[in-house]
Amino acid sequence: MTAIDAHAPTIRLREQYRDVVSDRWPVIIAPQPDELLSSWLHRLAYANGVTARAFPRVLGLNPGMWSASLDLRLPIDVESQLRIHAGVSPCQLSAMTLSHTLPKQLLLPLRNSTRRDGPTWLQFCSRCLAEDAHPYFRRRWRLATRISCDRHGARLRDRCPSCRSRIAVFDQSKLVPQQYCARCGYDLRCASTVSLCSAAKRLDRLIDELCGLEAISSSPAGGALVRRLLNIPQLVGIYPGTILTGLSTSTRTRCFERLVGHPSDWLMEDHREVVDQQRSKLPPAGGHSALIGQLANALARKARRPVATKDRRPIVDLSHLLNAYEQLSLYATPTARRMRRSPPTNRCQC
């Protein structure tokens, strides 16, 4: 070897390109609290420069309502792809699906109704979308029993206010964020808010709390409650041949408002003595089967149907029961003391 050869640069073999390049997609996004899997998938596709309509081919899926279907059931091969390429854990994926914690019988159907009073698969709150740093759709917006937003108190919408079409992000052919209507391009964040009476909002919240309990899917009383909730249109005389999941958000709101429209129905003005009388009748913490059963029986009594039960305990008035349940929930929160000291609010005149 000459002197020149001794000072020549040396070349060493390094890892091959496929060994040093990550399998993950260029952009990784984190799921948001209570975000639907379909919503996260739409945001993931947009962040990586792929339209929502083309993204199912990346996952080896057929087009159509591909993302909405994944909310209900996530195939193992798709889950594996998302874990490897999107850097998301199985627990995160499971938390975004519509698991057993939400009664599947109360989910809005995956179909497009041409009737204005017909159902669509998803609802939204325009103010939530406007305040989100990255607008996304919530899991609980898929429930037919939900008609209002907990945060803003506004009635939910289930259609684009511009073209009256359903929310169809999965069919978006343009590379735009998911808050834009796939049909006309309207920004859903700009939709006006629809007011809702306080009694209907309170009923909506109480039913949502009961439906979120584990007992709703594990006890016979929970199944009875789900059936009664589905039959609310028949109870109030609005579209008696249709169940709750077969109606639009505006029509379901009319049903809820009619339920609370009379002094003897569902909800009454709060009174401390009512809470004190009913506190002993409520089940202990963690045991809500009795509460759910009484609510289901109360719905049946409103329809003037006999209730098949062997329980001979005195029947508890539903309005008192719901008031007691709400008050006990307040007592369990850190702000309960301040809320008890606050002046009473005026009763909603529905």
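Among contacts (heavy atoms within 4.5 Å) in the protein chain between residues at least 6 apart in sequence, 68% join residues at least 24 apart. The structure is a predicted model, in which local features need pLDDT of at least 70 and side-chain atom pairs count only at pLDDT 80 or more, while totals for chains, interfaces and linings use all residues. Residues are numbered from 1 along each chain as its sequence is written, and side-chain values use heavy atoms, with hydrogens and water left out.

The protein chain contains 17 helices and zero strands; helices (H or I, at least four residues) and strands (E, at least two) are DSSP runs, numbered from the N terminus. Of its 350 residues, 46% count as buried. Buried means under 20% relative accessible area, exposed over 50%, and partly exposed in between (1.4 Å probe, protein chains only). The accessible surface of the chain comes to about 18800 Å², and 51% of this belongs to carbon and sulfur atoms. Such areas come from the Shrake-Rupley method with a 1.4 Å probe; for residues, only the protein chains shown count as cover.

The largest nonpolar core has 67 residues. A nonpolar core is a set of buried Ala, Val, Leu, Ile, Met, Phe, Trp, Tyr and Cys residues joined through side-chain atoms within 4.5 Å. The residues with the most contacts inside this core are W40, L82, F137 and W141. Leaving aside residues up to four places away in sequence, W141 touches L108, L122, Q123, F124, C125, C128, L129, Y136 and L156.

Helix α9 comprises the 14 residues 198-211 and should span 20 Å at 1.5 Å a residue, which agrees with the 20 Å between its end C-alpha atoms. The expected span is 1.5 Å times one less than the number of residues. Because 10 of its 14 residues are buried, α9 is largely enclosed by the rest of the structure. The buried residues of α9 include A199, R202, L206 and C211.

P109 lies in the loop between α7 (90-96) and α8 (126-131). With 15% relative accessibility, P109 counts as buried. Its contacts, not counting residues up to four places away in sequence, are P119, T120, W121 and T245. The C-alpha atoms of P109 and T120 are separated by 6.8 Å, although the two residues are 11 apart along the chain.

A search of the whole structure finds zero disulfides, a disulfide being a pair of cysteine sulfur atoms within 2.5 Å. The cysteine sulfur closest to that of C163 is in C181, at 3.6 Å, too far for a bond. C163 counts as partly exposed, at 21% relative accessibility, whereas C197 is buried, with a relative accessible area of 16%.
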